[in-house]
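Subject: A structure for you to look at

Hi there,

Here is the structure I promised to pass on to you. Have a look at it first, and then read on for what turned up.

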Amino acid sequence: MTVLRVDATIQGDRSASSELADVVLDHLVAAHPDAPVVRRHLGRDPLPADAWAAAVAAGATPEAERTDLQRQGLATAHQVAGELQEASSVVLAMPLYNWGVSQHVKTWVDLAIAGAPYGARLLEGTPTVLVTTRGGAYGEGTPRHGWDHNTDYLRRVLAEVWGADLTVIERELTLAGVNPAMDAFIEAGALLHKQAREAAAEAGAALAARRAA
Ligand SMILES: Cc1cc2nc3c(=O)[nH]c(=O)nc-3n(C[C@H](O)[C@H](O)[C@H](O)COP(=O)(O)O)c2cc1C
């Protein structure tokens, strides 16, 4: 059974979400060096934007009449769904962009749903760590409270639709120290960074223990 790692940053090596996912995965791999890790980087190698519609259309088209695009779309959908079903541990790094779930992640979710029987619980009981990072702050009392349309969407899909045993690690204020307009929050941001790294280490150790059990 594999470890599935999916990243979605569009910021390459500067990624705050990948940094935390590395902490989680490092703990898991240190305890289980032979565990096969399947990686998908949705930001660096996006899934084709037209694959989902093609996969859905393929499902309504007799096999012999499917176009090449529909066949490819369905094959990609089966692959994405299969990676989830075959995983016994999952580590996801999916940041907030433009107040929502990134188009790359949405395409991945849509393809996974299209690639499995309707209502399939692709991660039933699978220990899954979702890391998500945000440049600003969205807690109660902040001006943008309610504007994070990424985290709750992912919780719903991963835990409620797919049945994952989900741990969420969040880091806010990642732009403090990057965007001068947020200089007042540098200290608070540093503390959140430290806390998120600690939470990631704890989640990695828990994943490793679950894999051993
Ligand atoms: C194109 C773009 C859009 C962003 N939109 C938001 C946003 O809507 N709200 C926010 O708090 N931060 C936003 N950010 C900041 C990111 O959430 C922040 O940089 C986070 O750490 C991204 O994770 P990453 O470093 O793994 O890419 C945005 C960043 C980029 C590059």
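How far does a polar side-chain atom of Gln11 lie from an oxygen atom of the ligand? The distance is 2.9 Å. Please keep in mind that this is a predicted model, and that the distances here are computed from it.

With Tyr138 the side chain takes part, and one of its polar atoms is 2.6 Å from a nitrogen atom of the ligand. On its own the ligand would expose 620 Å², and the protein buries 82% of that area.

The ligand sits in the largest pocket, with 17 residues surrounding it. The closest of them are Thr9, Ser15, Ser17, Tyr97 and Tyr138. What kinds of residues make up this shell? Seven are nonpolar, nine are polar and one is charged.

An unreviewed UniProt entry lists Ser15, Ala16, Ser17, Thr133, Arg134, Gly135 and Gly136 under "binding site". The lining of the largest pocket includes Ser15, Ala16 and Ser17, along with Thr133, Arg134, Gly135 and Gly136. To place one of these in the fold, look for Ser17 in helix H1, which covers residues 16–31.

Best wishes

How values were computed
Residues are numbered from 1 along each chain as its sequence is written. This is a predicted model: local features need pLDDT of at least 70, side-chain atom pairs count only at pLDDT 80 or more; totals for chains, interfaces and linings use all residues. Side-chain values use heavy atoms; hydrogens and water are left out. A residue is near a molecule or strand if one of its heavy atoms lies within 4 Å of it. A polar contact is a pair of N or O atoms within 3.5 Å; within protein, one must be able to donate a hydrogen and the other to accept it, and residues adjacent in sequence count only if both atoms are side-chain atoms. Accessible areas come from the Shrake-Rupley method with a 1.4 Å probe; for residues, only the protein chains shown count as cover. On a 1 Å grid over the protein atoms alone, a cavity is a set of points where a 1.4 Å probe fits but cannot get out, and a pocket is an open set with protein on both sides within 12 Å along at least five of seven lines; lining residues have an atom within 4 Å of a point. A molecule sits in a cavity or pocket if more than half of its atoms lie within 2 Å of its grid points. Ala, Val, Leu, Ile, Met, Phe, Trp, Tyr, Cys and Pro count as nonpolar, Asp, Glu, Lys and Arg as charged, and the others, Gly among them, as polar. UniProt positions are given in the numbering used here, feature names are shortened, and annotations may be inferred rather than shown by experiment. Helices (H or I, at least four residues) and strands (E, at least two) are DSSP runs, numbered from the N terminus.
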